[in-house]
Amino acid sequence: MVSMTERVTEYLNPITKISPASHTTEQNSTRIDMSLYRRVLIVLQVGALATNATLDLDVEQHTAASGGSTKNVTGKSITQLTEAGGDSNKMVAVELRAEELDLENDYRYISVELTPATAAAICGVIVLATVARYEPVSTSAWDEIVD
């Protein structure tokens, strides 16, 4: 829980992103080592979806920081957004706890896979870590903090 003397920017630490743009192909974030965090919040912000566009977001888990085995995290995929369904200008959040990973089989890394199809989707993702296992948390990932 955030104390009154702690900055929210110390509690919610941006650890990876998919920069906002007009995406037409699959985008993947860098991998995050969940042994360093107990929880993450994945925020998808969608602008305009072109005619007939669809947009999917899945959270993938991995056994290594690069390479290794990969599979989706069960229950951590959004309901597909569509232009036909009026889903332009939406914001979607996915919460994940470290214990939701397949830790018994050494899946400790996660990444976000963003998949636009049929037409362009203006969108971006930010992943915010919270409840760090080791404190204090660096605020150097923010480009600017205004108190």
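This is a predicted model: local features need pLDDT of at least 70, side-chain atom pairs count only at pLDDT 80 or more; totals for chains, interfaces and linings use all residues.
Local features need pLDDT of at least 70, side-chain atom pairs count only at pLDDT 80 or more, and totals for chains, interfaces and linings use all residues. Side-chain values use heavy atoms, with hydrogens and water left out, and residues are numbered from 1 along each chain as its sequence is written.

A search of the whole structure gave five salt bridges (a side-chain nitrogen of Lys or Arg within 4 Å of a carboxyl oxygen of Asp or Glu). One of them joins Arg39 and Glu95, at 2.8 Å from N to O. This pair links distant parts of the chain. Arg39 sits in strand β4 (residues 37–49) and Glu95 in strand β8 (residues 91–97), 56 residues apart. Strands are DSSP runs (E, at least two residues), numbered from the N terminus. Arg39 is partly exposed, at 26% relative accessibility. Glu95 is also partly exposed, at 46%. Here buried means under 20% relative accessible area, exposed over 50%, and partly exposed in between (1.4 Å probe, protein chains only).

Lys71 pairs with Asp102 in another salt bridge, with the closest N and O atoms 2.6 Å apart. Lys71 belongs to strand β6 (residues 70–77), whereas Asp102 lies in the loop between β8 and β9 (109–117), so the contact ties together parts 31 residues apart in sequence. Lys71 is partly exposed, at 33% relative accessibility. Asp102, at 18%, counts as buried.

A salt bridge also connects the side chains of Lys90 and Asp87, at 3.4 Å from N to O. Lys90 is partly exposed, with a relative accessible area of 36%. Asp87 is buried, at 12%.

Definitions and conventions:
Helices (H or I, at least four residues) and strands (E, at least two) are DSSP runs, numbered from the N terminus.
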